[in-house]
Every structure is written in structure tokens, then in C-alpha cells.
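I opened my notebook to look up how two chains of a model meet. Come along and check each entry with me.

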Amino acid sequence: MPRYLIRRLGQALLVVAGVIVLTFAVMRLVPGDPAVAYAGPKATAAELAEARRRFGLDEPLPVQLWNYVRDLLGGDWGTSLHTRQPVRDDLLQAFPASLELVGAALIIALAAGIPLGIAAARYKGRLPDLSVRLSSMLAVSVPVFWLALALQTVFASGLGWFPVAGEYDASLDRTSPLHLYTNITAVDALITGNWPILTSTLSHLVLPALVIAAYPAGVVAQMTRAALIEESSRDHARLERALGFGETAVLTRFALRPALNPVLSLIALVFAYSIVNGFLVEAVFNWPGLGRYAADSIRSLDTPAIAGVTLLVAVLYVAANLAVDLLQGVVDPRVRAR
Amino acid sequence: MRWHKRLLAAGAVTAVTLTAAACAGGKVRGAEDSPQPGSTTAPAGGAADSTFVYVPNLDVVTDWDPASSYSNEIIAMQNIYESLTRYNPQTKKTEPRLASSWTSSPDGKKWTFTLREGAKFHTGKPVDAAAAKAAIERTMKEGQGAAYIWGAVDKIEAKDATTLEFTLKYPAPLDLISSAGYASYIYDTTAASGDLKKWFGEGHDAGSGPYTIESWQKGKETELTLTAFDGYWGGWNGPHYKKVAFRVTPELTTAWQLLQRGEVTFVQRLNAQLFAQAGGTDTVQTSQTPSFQNLLVLLNTADGPLKDVKLRQAVQKAIDYDGLVAALKGSGVAAGGLVPEGLLGAAPGMTPKQDLAGAEALLKEAGYGPGGKRLELTLTYAQGDADQELLVTLLSSALDKLGVTLSAKPLQWTTQWDQGKAKDPSKRQDIFVMYWFPDYADAYSWFVNVFHGEKDVQFNLSYLKDEAVDKQIDELPALTATDQAGAEKAYADLQNKIINEKAAVAVPYVQNYQRAFAKTVQGYVDNPAYPNVVFVYDLKPGA
């Protein structure tokens, strides 16, 4: 196991190093001078030179790359040209909000996907199975931007059941200020017992979380169904049936636990995917997370911020992949030999 | 330990680590960034119905320092800070703001402002001549953003508490300059005990305007909230909005839904389709005003085929001005010359029209045109700008019929600009498309920046070099300061020279501001001298 761990860790580090070089290259190769983006379109030559010096753009490329890596390792992710704050601080501010949204989405996805998968497996080939398969296929393939706008128009603007956009009612900041511990609004409101902010956040969370949950819910339902059907055809299931257990009991009491292994390992990957998938959803629902930060950065050609978001997302992907591989290594020793 | 228990343990550890990593140590949201208002800045009420909610589509604030601020925050800053004067686009004149009156010497080199009595900064200190002098001098010394607008100032003296005297190096319209949207703010330079720039950067303000910062939360949806300043010299009698909230909304459809639901008051920008829908909605009113930003089609007067003035005139005549404005569906209005309506120097009789027969005749005279030699022209414009793309499409199809091939390249601004500034003239383009807008309400900005001869090219991207034109441009500030009728004539004359005689530029349209806001808002008038600013104090919240 330690050798497997070291090998996988080494591979992950290599990928991260590759991503660092790539983000650096993209930052330097895209047309557009970051110094102009910082100093403004009407900047004088002297102001531009000062901006170039400030960001080290007057150094040769290899030196710039070396400085970039050194600063990254030292925790300096550069300064946003747009917010003029350290990119790392911006990301630390935006990431918890995205985490909150994606976390809620995954809870919804599991809560909906697993029972639906069980129902489909239980009634394989019959109407419930067909409808679950159809709806999960729809959930996986519907464009997230369209779904976001549709839910917003119908349930927020039309029926008025939920707020149109935002994280919570901002006027609550005055009437019941929130103490921050994790920077995740719902979690902080829960642990400090701030019910007005908690209920406001939850009602704002429903629609965007539902949109992001669509894809993982579909995947989880399909995966659960397939794994259950496979488990329920094994010898132990036949034995259980012979012992007189009903079909539902066979599925939920015996087959479900082993069947959930692949589903759970899938969740780590879906998590990283959902962070990116959530970018558009955040823009539609004004959710102050990474997506909105990325959109603002792209709109204002803020290359250090774009590179920061890219790097963070890449690291999340690599970390999720690594976690899945290591978990599988723990569960199934054969994986380690590969 | 069985594997799923390990998974659970790992999950718990991850959660704890994430929590610890993101831990903000029990701070109260907003407390870190927002200022602690002094005793003079107690909120003056907070009824929900008197909050004006403004919907910008990008970050509200990037620079809180009134000396260097030069971006989106102008919308908030103009409600927090005041300048000596304010520009009125209807009268094309400046009006009192912190200065109640002003005079200038006949040669336009000495300006005396009398300050309003009773005005106070949010810090509690009085707005007197010494404070105004200190603020302008600090802005000039910092030399960032739009600070160059004070370039004419040689000396500032505070003669007494209310008399502020400027001595200029050369004549300039100082009343206009001191009404600028940027860098003209009067602020309390003694507000911080330590580094003032850092103090501003933390989200404090030292203005004298009707509103002061209540909370600023970078990255949050409601990024900024302003609250009424009790000690405002204008007083709070009668109905006023007591709070202003800025709710960042990147998606236009979301902004529109929020407005329809009555959750927000004012949407800065909608697309043509939503704007039309807004016009037919009972609870919403709309306004459309030409801005001070116009599109310039700069023609290369120095090199390449367009060196021939006949060909430049042919290109001017090939542009389908009316078709373009129609296709813009309200986001642009026909331009009458280089200076937009609402500024001193606007020449309303100069609206251009497409003249394909005229263009063909000119091309023929120059040896090109249908049946003759094919003319090849290069053009650069802003990548991703749909309005410019429309112009390029219409122009290239019109030119194609006239036997002219237009090879148009969409580029990022910096690439486009670098190519335009290329030392080697053969690398430059024949046609350069860009927007221009002035930093204060003065048409001089177009002439001095875009059409004055330069040693090294900056914005003179038609490469016009004409001593007579330069001389006339140089005289504009003094004329504006001393003889406005003379200035009007000089502007008209210059536009005639640059557009008609030299054919250095075509001006297809002026951009329009299209606003949508709640029906309850009373008294809104767009002031294009302050891009996207709503002077909230001037509005009445209706029922």
C-alpha cells in the first residue's frame, strides 16, 4: 500500500505541475497585455512600464515561470487585476460559497438518486424502472443553463415560491449579523443558531442546488440501479430469496451496501465536475461563488484570477481522482497492482 | 476498520480540515471590511421602502481611493463624494455643488470658487477651502487614474474658509474640470491617522456627499450598502431614499426578473429584447439617453491606399449609417459629428448619410471602383463586440459591391492597439475602429487625444498630422474658458476640417444608455457626464 500511495501521489503531483506550466503558458500566450488590463486603456507609457515592472512582466519568460512557481508555492497566487486583491484571498472567499452550493446539490442528488435507483432495480423492466431511466437520462443531458433559467422563470419569477437570486436576504446582515467560522453561510448559521439567515439561505439554495443536482442525481440513480441488479443476481441473493426474504428486503438489506461502493467513489469525481458545472448556475442565480468570480475575471481579462480559478479547479479534480483511486486501492487490493 | 468506516473517518477529517482552512475565526460578516461609522454617521432610518437597489453587472468597487478611483465605483462614489461643480447636459453648463459660485479672470488663468457654507465631511470636519485644497493637491500628487485633469493647475490657495483660488499655467475651463466624474472629489485628507490609501482600501470613506458607506462585502451579492449621512448640507426633509444597495447581477435575465418582482429598483443595462419588454410592463419605466461615448472609424491618413483623401471619403460614404442605427435596435443613435449631443461643441447639422453613388464616383477618380482595379483594405476592431461587428459586416458588404475588399480582423484591445501603434507604418491597419469618451464633460478630449499630431502614436490612430489643426486644437481650452461662443465656432470648424476635408474619421453612432427602473422612482434623469451614475439623493421614492 505505501508504494501504491507514493506512486499515485507522485502522478498527481506531476499532473499539478503540468497544470501550473499550462496555466502560466495560457496567461502569457493569450493576446492582451495584463499590464494594460491593470493600468487601463488610457494609461500612459510610464504607467504601463510601472505595471509591467510591478508584475515582473519585464523579465524573460523562464524567469517569469520560475517566479510564478516560487510565488505559488509560497502561497502567493498573484494579484487580481480587477479586484486588486490577492487572488488567494478572493478564492478563499468565493470557494466556500461554491462548496455550500455543490454540497447541497450532492445531498439532494444522493437523497433522490439512491431511492430512485432502488425503485428502478426493484421494478426492473416495469413502469417505475422505465420512468426512472428516462428521467435520469433527461437529468444528465439537459443543458444546465437552460434548466437554471427554466426553474428560475417558473418557480421564482412565476409562482414566487423561491427567491429569484442571491445567497440570502442582505437586510438580515443588519438585523441578525452572522458570525463566521467556516465561511459557509448555511453551516455558520446552523452552528451559531442564526435561524433567520439559515432559513433565508436554505430558501435561496433550493433552486440552484436542484439545477446542479440534476446531473449527479441522474448518474447516481443509473449507477445504483445497475449495481443493485448485478448484486441481486449473485449467489448470496439467491440464497436470501430461498430463505424467504422478499425482493425489497434482498435489495435494501443485503445488496445495497456492496452496491453503494462504486456509487460513493463516483461522488468524489462528480463533486469536482459539479464545481465547474455550477459556474453557469452561479451566474444565473447571483451565487457569490467561484463561478461568478471566474465570469467576472474572464469579462475583465483578469489573467491572474483566471489562472487562479483554473489551478484551483484542476487541483480539486486531481485531488478527487486521487481520493477515488486510493479508496479503491483500500477496497480492492487488485487495483494496487495495476 | 472496515473500509466504509475508514471512508467515514476520512470524510470527517476532510470536513474538519476544510473547516479549519476556511476558518475565519468567528468574525461577524461584513465587520472586517466595513467601516465603523463615527458618531456623525448614524443611519438616518432604514425602512425597506426607502432603499434604492441598484443592479450593476460587474463588481461595484475596485478602488476606494477618491484620488485614483477610475472605474465602476464611480456609481457609488458620486453618491458618497462631491466635487466643486456638477455638469448639466441639458444646459451644457456646470452647476453649483460644493462650490456655490465661481469666477474666472478674463484670460482664463485665475479661478476663484466660493465654497458652500455648512457642508461637512462624514468625518465631522467642515468642508472648507483648506480641506478642498489639500484634497486636490493630494490627488495631483498621487498622479493616478484621471488625476491628469488638473494638469493646468499651477497653484491653489485657500484665501479664507470659503474662498479657493486656482492659478493656472495656461487657460483652461476649470469649472468643467472640477465637475469631472473622476479625480475631482473633495475629501478629508486627515480622515485616517495612518496611511490614508490603506484606510480607504479597507472600505472607509471621507466624503461630504448625501450617503456614507454602511457595509462593503467584497464578492458578496449585495456588495455595498450606503446609508444617509445625517449631517448632509442638503438636509433630509421631504421624501428621499435613505439607503442605497448595490446588488451585483451578471445575468441580464436575472436582473430583469428581479426588477419585475420589485426586489430591485434600477437596472443599469438590459438587452434590446428585454428593454422592449420592460417598456410594456406596468410596474416598470424605462429611459433612453445618448451617452458621451461614440464609435470612431479612423482612416489611415499617413500610409497605404487611404493616404488618398478621395478613397477615405469613399469609405465614409459607403457606411450605411441609417441601416446600422436601425440594426442596433436602440443601443445606438445617429451621430452628428465628433462631439455627442449635450456637450459644448456638438454640431447637430453634421449627421452623415450613406451615398454609394458618391463613393463610386470618388473611387473611379482614384482609379478604383467597379470595373477598375480592386482595392484591398485592412480593418481592425474589438473582438466580441457585437455592435462593432455589425458595422464591419454592413461596411464590408457595401464596399464589396464597390469593388473594395475589406479584410477585417477582430482583435483584443491591446493587440489591436499595439498594431495601430506599430513603429513600422506598413504593419498598421487602414481602418481602426474604437470607442471614445471624455473623462470630463469636454469635447476637447476627442480632439487633443485622437486628432492632435503626436511624436509617438498613442490614440491618434488616423495618424493625422496637420499643423493648422493642431494649432486650433491647442486654442480650445482657453476659448472654452473665456469665450464659449468662440469655442462653439472653433469646434464646428474643426469637425468640418477633420471629418469633411481631411476625412480622417467617420462617426457612425453614439451609444445609448437604456435603463429600466421601478415605476415608483420619481425624478430620474440620466446624466451622461457621469457614466451609469444615479444621483440617488435627487430622487423621490413614490408609492
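I began with a definition: helices (H or I, at least four residues) and strands (E, at least two) are DSSP runs, numbered from the N terminus. The model is predicted, so I noted that local features need pLDDT of at least 70 and side-chain atom pairs count only at pLDDT 80 or more, while totals for chains, interfaces and linings use all residues. Residues are numbered from 1 along each chain as its sequence is written, chains are lettered from A and ligands numbered from 1 in the order written, and side-chain values use heavy atoms, without hydrogens and water.

**Chain A.** I found that residues 95-328 of chain A are 80% helix and 1% strand. The end C-alpha atoms of this stretch are 27 Å apart.

**Where the chains touch.** I looked up contacts (heavy atoms within 4.5 Å) and saw 52 residues of chain B in contact with 54 residues of chain A. The buried area, which is the accessible area (1.4 Å probe) that two parts lose on being put together, summed over both, is about 4,700 Å² here. Carbon and sulfur atoms give 53% of that area.

**Salt bridge.** How many salt bridges does the rule find across the interface of chain B and chain A? It finds one, counting a side-chain nitrogen of Lys or Arg within 4 Å of a carboxyl oxygen of Asp or Glu. I traced a salt bridge between the side chains of Glu167(A) and Lys220(B), at 2.9 Å, N to O.

**Elements of chain B.** On the side of chain B that touches chain A, H1(B) gives the most, with seven residues.
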